[in-house]
Amino acid sequence: MAVPLLSVADLQVGFATQRGLLRAVDGVSFDLAEGQTLGIVGESGSGKSVTAKTLMNLLPSYARVDGSVTFDGRDVRAMATEGERHFWGVEMTMVFQDPMTSLNPVKKVGEQIAESLRVHLKRSRKEARDEACDLLQQVGIPEPKKRLTQYPHELSGGLRQRVVIAMALACSPRLLIADEPTTALDVTVQKHILDLLDELREERGMAMILITHDLGVVKGRADQIMVMYAGRTMEQADTATLFSEMRHPYTEALLETIPRIDMASHTRLVPIPGNPPDAVDLGPGCPFAQRCRYCSAACLVDQPGLDQHGDGHACACHSPVGTEAGAAAHVSNLETGVTPAGLDMGTFTAAVGETA
Amino acid sequence: MAGSGSIQMRDSDDVVLRVENLVMEFPAGLKQVVHAVSDVSFDVCRGETLGIVGESGCGKSTTARALVQLPRPTSGTVTLDPGTDSRVELTDLEGEALRSVRPRVQMIFQDPISSLNPRRRVKDIVGEGLAIWCDEHPDVDVDARVDEVLSAVGLDPVVAASRRPHEFSGGQCQRISIARALAIDPEILICDEPVSALDVSVQAQILNILEEMKERFGLTLVFISHDLSVVRNVSDRVVVMYLGKVCEIGNSDALFSEPAHPYTRVLLASAPEPSTVVDASESAIGDEIPSPINPPSGCRFRTRCPRATELCASQEPVMEEMGPDHFVACHFPSTP
């Protein structure tokens, strides 16, 4: 990647709680080039939304942030402290998960779209209204003139999300962050919204960060994927590499656990045993060790660093899938029947045996 | 799109639940009526899993609630064991008679945390139905049964029993809900989007538990979800619903390998990783679901259907047989 548009280095976000410091994001780094899409995938609590909010300067003031965020050579975190408000909403914008709560219920949608044009770009009332009408057309809303004068409750979920996208695009941003933009929508609408985002990104040469919990959503759409777990980057690669040469056991487990349409009925799923860890008390080792079938003794005491596997493929694991270390750890776990973390390998073998 | 017609009904002694011409309407003010479920018929055989799939607002949850008479359907019948002498028509029962049948049909809900009383301990939540039921079955040991179902769903009874719901994660709360439903030994378990609120990593655990429980306790499941791949995984037979009507019913393999109804094809093409039996372009339909207060005439799907003609507007299609155990309500179904 030549000159990245956005560069995040060693981002740390913590929240002080009564039980101690909750590390929501722990050492996340990535680069995003102009016109590219980065997919961030992870479960709830993995820190993906906190990462997005940090970029958007939307964290509460008590959050403890460390690390650097550079956008086109400018220090984003310094802008936040200096109160530079014409950056967010103009160059970097965000689309949220729930289109109902991200729209103001007592303002007409036309006014809401026009607002950012008037505030940031100092458009006149009439210019802003005309542009808002154009934007609604661009996001595929029929009868845009009529919709401008409607309130959010008069629109369906899909249309509302299109309005939110129109708002985000109003000032022609260079980076759009979409945080689970389709999770609250029906499947039939979900595909339309994702396709729309893709088209708009291409037309405008915008960069995009697409946050989701579903690897299937980013598979055909993102250029790069970052898999997060417990606030840390587990694996990072371009999309094709990630799916063809998966290295991290968590990525593999995530893919295996999701039922697919082309599987026969009653195919036994391979679950990820246990629950995500407590972010306040992560302990020294790898956060996924307790649920991992490739777990080795080192995983419990030593937190793996993000190792390079060539071509920008990075993976934080002591015994990655598809390597000798990974195979050795798996074989030894199968022999003893339990992983060093005390997980019964039977939970995996029973499941795998039946699927085969 | 029609639920009219009953060709999909099976005439077997194995049928444990039969729903005929189910209609559910709600007043919407100004003398308007919401047609939530209109003339839906299906049956479920013993030991089978019936999946109900459709977009939000298609009436799948309303159907589930009508099965347990919460609230009572506007018209239509829900019958348990229809083919035997012990047949019970739930829609005819009232008061004590209905209450005594209720243990046979239990339900689990979408949001595991809000469906548990936060102020009660797990053993009381799981044991409540049992304690009431015990009045008629004095030989049941409540504590032993609570322990049994808790360990069946993978929770340690010693640790879990005296805790309260906030001490558990979403996936664990859903296990508690399942244990509560199983405690009084139901025949039919109705699952209304049981995994939609859970993380993908926990979803598979719950789906596997449901399969295990089905085998261990001899359950019949009615499984509702908007996620086609989940429904595909758990179901033997699938009902596709749209705006209160049934589009297509069939055994899971037939329906997913040869989807006949245009709406089923749209659903399959819209999935994040679309099915290979349909073309990706088939997902191109409008976003807007018509209002159930004033549903379209004829076939209710015609306003979004790529194949719609005048016939679809004037005449409601009737269920027709497409193949063995595969039925579709469409004037222009896809043929394999």
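How many residues does the contact take from chain B and from chain A? It takes 36 residues from chain B and 34 residues from chain A, where two residues are in contact if their C-beta atoms, placed from the backbone, lie within 7 Å.

This is a predicted model, in which local features need pLDDT of at least 70, side-chain atom pairs count only at pLDDT 80 or more, and totals for chains, interfaces and linings use all residues. Residues are numbered from 1 along each chain as its sequence is written, while chains are lettered from A and ligands numbered from 1 in the order in which they are written.

On the side of chain B that touches chain A, helices H7 (200-216), H8 (228-234), H9 (252-257) and H10 (262-270) of chain B each supply at least two residues. H7(B) gives the most, with seven residues. Helices (H or I, at least four residues) and strands (E, at least two) are DSSP runs, numbered from the N terminus.

The two chains are set out below.

| Chain | Secondary structure | C-alpha span along principal axes |
|---|---|---|
| Chain A | 13 helices, 12 strands | about 75 × 50 × 45 Å |
| Chain B | 11 helices, 12 strands | about 65 × 45 × 45 Å |

Buried residues make up 51% of the 336 residues in chain B; in chain A, 47% of the 356 residues count as buried. A residue is buried if 20 or more other C-beta atoms, placed from the backbone, lie within 10 Å of its own.

Among contacts with a separation of 6 or more, residues 24 or more positions apart account for 66% in chain B and for 64% in chain A.

Terms used. A residue is buried if 20 or more other C-beta atoms lie within 10 Å of its own, exposed if 12 or fewer, and partly exposed in between; C-beta atoms are placed from the backbone.
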